[in-house]
Number of protein chains: 2
Amino acid sequence: MAVYTDVSESELGAFLESYAIGQLLSYKGIAEGTENSNFLLHTSSGAYILTLYERRVDKNDLPFFLGLMEHLAKKDISCPLPVRRNDGEVIGTLAGRSAAIITFLEGMWMRRPTAIHCREVGKALAGLHLAGADFQLSRANALDRAGWRKLWDGSRARADEVECGLLTEVDAEFADFERNWPKDLPAGIIHADLFPDNVFFLGEKLSGLIDFYFACNDFYAYDLATCLNAWCFEKDNSFNLTKGRALLAGYQQVRPLTDAERQALPMLARGSALRFMLTRLYDWLTIPDGALIQKRDPVEFIRRMRFHRQIGSASEYGLV
Amino acid sequence: MAVYTDVSESELGAFLESYAIGQLLSYKGIAEGTENSNFLLHTSSGAYILTLYERRVDKNDLPFFLGLMEHLAKKDISCPLPVRRNDGEVIGTLAGRSAAIITFLEGMWMRRPTAIHCREVGKALAGLHLAGADFQLSRANALDRAGWRKLWDGSRARADEVECGLLTEVDAEFADFERNWPKDLPAGIIHADLFPDNVFFLGEKLSGLIDFYFACNDFYAYDLATCLNAWCFEKDNSFNLTKGRALLAGYQQVRPLTDAERQALPMLARGSALRFMLTRLYDWLTIPDGALIQKRDPVEFIRRMRFHRQIGSASEYGLV
């Protein structure tokens with residue numbers, strides 16, 4: 001929640017001369033997104049989001065992220081459409097940073113999603129997987145098991161400060177994944193971060209998917225497992241079976257899971273919980289208090305990881 | 001720059017049932033305002049600002065602030081119009097806080113204002129003074145000399161940490177103000193915080209005055225002196241005479257200053273510089289690093305205070 005870089009009206013005005021989106025009427029830094037600076041623009045032609053890409057984003061990945069949004073939007077996935085500049089490009093430079101303008105999507109993210117929302121998210125995620133199949137670019141998942149290992153190496157020694165016994169527990173998870181992580185599941189473009197704050201609704205209708213800045217190529221079922229973690233647990237870390245059933249049914253309505261994917265789901269969900277636990281743990285231990293980046297408690301993902309370890313079959317998530 | 005309080009879609013939806021502003025389409029926490037939580041709302045009838053009043057604002061002052069905006073807007077001052085609820089009130093409760101909705105004003109605040117902007121601000125400030133004359137409510141200036149004294153008592157002992165010699169210097173200012181602060185100048189409703197981030201422009205045309213949460217009754221010329229401090233100094237703390245001349249001419253075009261006001265201007269400008277120095281100094285010394293409130297360096301207002309002490313006559317500001 002931050003605007004890391006302010007932009008002056010004259011800088012922005014000059015930047016917008018490269019676009020055909022009308023006259024600038026207002027811009028407000030918005031308190032969303034943890035990685036980049038985002039501004040909500042009003043122009044005479046409508047509302048847009050201006051993003052300045054900060055240091056955590058690799059500039060070389062921007063053509064993938066923005067190209068993917070454009071690809072998906074053209075396939076009628078409800079996601080922002082990057083606005084092309086007059087020179088045909090989608091990436092410019094503003095205030096010394098790479099910058100892009102995307103269309104603004106109306107809608108609200110659900111602080112307390114219901115099973116109905118979960119079903120819609122399942123459908124949208126499967127739709128995204130299908131629509132991404134013929135996207136020409138690819139990007140390795142920077143937060144694959146090798147990426148997790150790097151985060152763990154940077155926080156392992158102090159892990160027990162967060163929860164006693166965590167060091168031994170996570171070491172054992174890594175050892176298990178080493179032996180049993182699934183291979184050869186159906187794979188392609190995944191969103192990789194489809195948490196509630198990245199999905200907009202108008203009433204019960206899903207109106208938009210946003211924030212494709214973790215998108216990459218990986219197992220489709222891993223993306224679904226992340227949604228189980230992101231959408232189907234309550235504030236007290238209990239799993240809501242009704243939501244799980246709705247999410248999985250919504251997904252399968254559009255893209256049925258293979259037998260291998262069904263079998264792999266508990267392991268993938270454990271891995272996904274570990275991935276979010278590790279980024280939070282690393283930030284928790286390394287970012288100084290008072291930095292603009294909001295730190296989130298890793299503990300809730302420790303609980304999810306343990307929950308998934310008890311799961312014998314994906315039917316316990318509500319998969320039918 | 002912060003959103004202190006998040007609001008869920010369902011809470012906000014219920015809150016909006018008390019208003020006739022159409023269907024909620026989106027809301028974004030915006031990184032503006034240092035005292036309250038602000039959201040930019042899009043509804044089917046347009047754009048609005050939702051403000052949740054946080055602890056620094058006294059709830060008892062809200063009828064004054066919101067009533068003033070309504071009074072001024074009805075007199076064609078470009079300022080937000082508070083939206084009345086279906087029950088006729090302008091103040092409701094949301095997320096445990098007093099809350100109000102005001103119309104959204106398009107326009108940008110000038111990070112680098114020119115003399116043309118300064119002239120427009122002068123005109124608008126005088127217009128505000130005239131339009132406020134028949135407003136029925138009044139509010140004492142909480143940051144009058146007694147208020148400054150409280151801030152000083154809370155930071156005096158550590159003042160020399162910020163700048164060596166500051167303790168002696170400010171004590172002497174207080175003593176001088178005790179003897180020489182003007183009395184009986186023309187007074188009425190003042191904005192009291194008309195810095196560039198509270199004034200919107202579309203091109204060179206002033207499109208809005210915002211943030212009336214320091215408004216109060218005090219000398220008109222003190223408000224003008226604050227604008228000298230806020231608009232007419234450069235980043236290197238040098239006074240820009242061209243801007244001073246434009247601001248003062250703009251003001252006098254709408255409301256000519258009396259002789260007493262002209263004579264008092266250097267003293268008022270010193271006092272205003274001290275007032276902003278003191279709030280910054282107090283925050284600087286008392287707010288912990290890492291709090292969401294952004295702390296601003298008091299030093300630039302020490303420089304302005306010293307500048308005004310050298311001024312013999314208001315003509316040195318460009319007053320004709």
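Q: Which side chain does A:Arg306 meet in a salt bridge?
A: It meets the side chain of A:Glu169, at 2.7 Å from N to O. Keep in mind that this is a predicted model.

Q: Where do A:Arg306 and A:Glu169 lie?
A: A:Arg306 lies in helix α10 of chain A, residues 299–309. A:Glu169 lies in helix α6 of chain A, residues 166–180. The pair therefore ties together parts that are 137 residues apart in sequence.

Q: How many salt bridges are there over all chains?
A: A search of the whole structure finds 45.

Q: And how many of them sit between chain A and chain B?
A: The count there is two salt bridges. A:Asp6, for instance, forms a salt bridge with B:Arg111. The closest N and O atoms of that pair are 2.9 Å apart.

Q: What about polar contacts between chain A and chain B?
A: There are 17 residue pairs in polar contact, counting pairs with both residues at pLDDT 80 or more.

Q: Which elements of chain A supply residues to the side that touches chain B?
A: Among those that each supply at least two residues are helix α1 (9–16) and the strands β1 (24–30) and β2 (37–43). Strands β6 (108–109) and β8 (199–202) are also on that list.

Q: Which one gives the largest share?
A: That is β1(A), with seven residues.

Q: What classes of residue make up that side of chain A?
A: The side of chain A that touches chain B has 17 nonpolar residues. It also has seven polar and seven charged ones.

Q: How many residues does each chain bring to the contact?
A: Chain A brings 31 residues, and chain B brings 31 residues.

Q: What area is buried between chain A and chain B?
A: About 2,700 Å². Carbon and sulfur atoms give 60% of that.

Q: Which residues of chain A lose the most area to chain B?
A: A:Lys28, A:Met108 and A:Arg111 do. Together they account for 23% of what that side buries.

Q: Changing topic. How can chain A be laid on chain B?
A: By a turn of 180 degrees and a shift of 0.0 Å along the axis. The RMSD is 0.0 Å. The two copies are thus related as by a two-fold rotation axis. The same surface serves both, as 100% of the contact residues of chain A recur in chain B.

Q: Back to A:Met108. What is its bridge partner in β8(A)?
A: The partner is A:Phe201. β6(A) and β8(A) pair in the antiparallel sense, over two bridges.

Q: What sheet has the order β6-β8-β9 in chain A?
A: An open sheet of three strands, with antiparallel pairing. β6 and β9 of chain A stand at the edges, each with a single partner strand. One side of each is therefore left without a neighbour in the sheet.

Q: How many bridges join β8(A) and β9?
A: Four, and the two strands pair in the antiparallel sense. β9 of chain A covers residues 205–209. A:Phe200 stands opposite A:Gly208 in β9(A).

Q: What does A:Gly203 do in the hairpin of β8(A) and β9(A)?
A: A:Gly203 takes a positive phi near 65 degrees. That hairpin has two residues between the strands.

Q: What about chain B: which strands form an open sheet there?
A: Three strands do, in the order β6-β8-β9, with antiparallel pairing. β6 (108–109) and β9 (205–209) of chain B stand at the edges.

Q: And which residue is the bridge partner of B:Val199?
A: It is B:Leu209, in β9(B). Four bridges join β8 of chain B to β9(B).

Terms used:
Residues numbered from 1 in each chain as written. Chains lettered and ligands numbered in written order. Predicted model: local features only at pLDDT ≥ 70, side-chain atom pairs only at ≥ 80, totals over all residues. Heavy atoms only, no water. Least-squares fit on C-alpha atoms with pLDDT ≥ 70 in both. Contact = heavy atoms within 4.5 Å. Buried area = accessible area lost by both parts, 1.4 Å probe. Salt bridge = Lys/Arg side-chain N within 4 Å of Asp/Glu carboxyl O. Polar contact = N/O pair within 3.5 Å; in protein donor to acceptor, adjacent residues only side chain to side chain. Nonpolar A, V, L, I, M, F, W, Y, C, P; charged D, E, K, R; others polar. Pairing = 2+ DSSP bridges.
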